[in-house]
Amino acid sequence: FISQFKAIGKDKRELPFTLKDVNTYIIPDPSQIDYITYNVEDTWDTEIKGDFVFEPGGTNIEENKNFVLNNHGFFGYFKGMEAYNFRIEVKKPIGFYASTGLTDLQSGTEKDVINVFDYHDLVDSPIMYCKPDTTFIEVGGAKVLISLYSPGKKVNSKFIAQNIDAVLNAQKDYLGGTLPVKKYAFIVYLIDHATGSGATGALEHSYSSMYVLPEMDSTYLGQTMRDVAAHEFFHIVTPLNIHSEEIGNFDFNNPKMSKHLWLYEGLTEYAAHHVQVKYGLIEIDKFFEVIQDKMKESRHRYNDTLPFTVMSKNVLDKYHEEYQNVYAKGALIGMCLDMQLRYYSSGKYGTQDLMHDLAKKYGKNKSFKDDELFDDIERLTYPEIRTFLNECVAGTKKLPFEKVFDMVGLKYTALQTRDEISLGGFGLGFNPETNRAVVFDTQDMNDFGKKMGYKEGDEILSFDGKVLTMDNARSIIVDYLTTTKTGYKLKVVVARKNKKGKEKNKSLKAKVKPVKVSITNDISVNKGATPRQIMARNAWLGLSGN
């Protein structure tokens, strides 16, 4: 993405150089350099063939509209001088504002001056330039910036701020009441077309996070921002204050990975959901649904016996395809660790406390040694925790869900079958134009659905004598599933198109008969839980009483 590289000497002539590799320029006599120039092509809409850069880590240049500066895409460094200060002068269109987590910024009408501590901080601090749509909120003594670029103006920064304010304050309480940063920036670009990488999402930084998300319906965007922002915001703990030598002394041209992605990404992903249930922002059932989805994803999409430390160490090459498991099994490792800590401490100590203690031991300027982390965790906790880490994180044993759920007075069953009243086992959606429920995806339709005679494309006009609309469908169907008895004759009227596309009403009838349903990863309350188990459960989920 760099072209027309020129090193200009003090005599204003071009100095010779060689290109060692795609990122490295060798200038034989650097003492003669006056200045260096080069052109940068942005990655978001590049025509350069090859692997596309994930947008939150790439660069965007839209003249007079928006500029996303992920600074590793614009600025290099001189070998051995990564620790030198940087002073950057940015010429900008009038009215443009620099959104960033950096604090030493002098903003002018047509030029900004930004001072940065070193190259590590520079590449860790994206900057977005555009006409400002910004909102500031204060959280735990930190000034939090929400900056938004929305080409279609479907939402504004105030809307996003309102949607993430509660979860940020819950995170502040989760972290002990104060935050380890004074300023933080949420930099959000809403894209109104498909991305070149085919993905959307976010990337975390020590003092900011960069988001590229679809410009979608405001309700959906609100929950998406809460979930994603909660994850990225927790990275102010790790790797900012807890990181290995491989991260603290990062080699930009020959990167080496730490063995502990379960800590950086897995525990962060777990905390992002756990904070919401613990402080009452989501229901417990919703939290369990998230956990159950991660169990399913981890076991069916990834190698469940691959040691997580081995995967992490080799994730840039050999186990690249296993990376996304950090958000599934990595989060489940965090959950198992938390539940065990709550049990062994009678509810007094959890992963919240462990992360606080590790951050206190290390901090921003001190790295841990990869091979010593488990020793440090054992000193802070219990021998049983070290055994768990050895066997299930560094070893090949599967996560002991039955054991850990039992510790907090819950029952876990990997697979069971039971008889249930069923709708039919088909997918149910809605046609917004007709305001009708639509039958789709009948591939797994069960015996009752087949007996009723549903077909893909059927639009339900009435269900059990009641007109079905988008507004009342949930209550009508829930009532049917919870109160209907075996043998009841169900009548459903659907609108079905014939081969010519003409719609006709058709009445479907059948006697209700239970079907066998397979339940995976079932979580239920153990009514015979001991006081210690109940205490651990209450501390884990933020509950009171029995």
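Because the model is predicted, local features need pLDDT of at least 70 and side-chain atom pairs count only at pLDDT 80 or more, whereas totals for chains, interfaces and linings use all residues. Residues are numbered from 1 along each chain as its sequence is written, and side-chain values use heavy atoms, with hydrogens and water left out.

**Overall make-up**

The protein holds 15 helices and 24 strands, where helices (H or I, at least four residues) and strands (E, at least two) are DSSP runs numbered from the N terminus. Its C-alpha atoms fill a box of roughly 95 × 65 × 45 Å along the principal axes. Of the 546 residues, 48% are buried, a term that stands for under 20% relative accessible area, with exposed meaning over 50% and partly exposed in between (1.4 Å probe, protein chains only). Among the contacts (heavy atoms within 4.5 Å) with a separation of 6 or more, 65% come from residues 24 or more positions apart.

**Two open sheets**

Strands of a sheet pair through backbone hydrogen bonds, either parallel or antiparallel; here two strands count as paired if DSSP finds at least two bridges between them.

Another open sheet has three strands in the order β7-β10-β9, with antiparallel pairing. Its edges are β7 (86-91) and β9 (105-107), each with a single partner strand, so one side of each has no neighbour in the sheet.

| Strand pair | Sense | Bridges | Residue partners |
|---|---|---|---|
| β13 (residues 142-149) and β14 (residues 183-191) | parallel | seven | lysine 143 and lysine 183 |

**Helix α5**

Helix α5 (residues 261-278) has 18 residues and reaches 24 Å from its first C-alpha to its last, close to the expected 26 Å, which is 1.5 Å times one less than its number of residues. The helix bends by about 25° at leucine 267, the bend being the angle between axes fitted to the seven residues ending there and the seven starting there. Since 18 of the 18 residues of α5 are buried, the helix is largely enclosed by the rest of the structure. Glycine 280, with a positive phi near 75°, follows α5.

Serine 99 is placed in strand β8 (residues 97-100) and counts as buried, because its relative accessibility is 1%. Its side chain is joined to that of serine 147 by a polar contact of 2.6 Å, meaning a pair of N or O atoms within 3.5 Å; within protein, one must be able to donate a hydrogen and the other to accept it, and residues adjacent in sequence count only if both atoms are side-chain atoms.

Lysine 10, found in the loop between β1 (2-9) and β2 (18-21), counts as exposed because its relative accessibility is 55%. Not counting residues up to four places away in sequence, lysine 10 touches Ser31, Gln32, Ile33 and Asp34.
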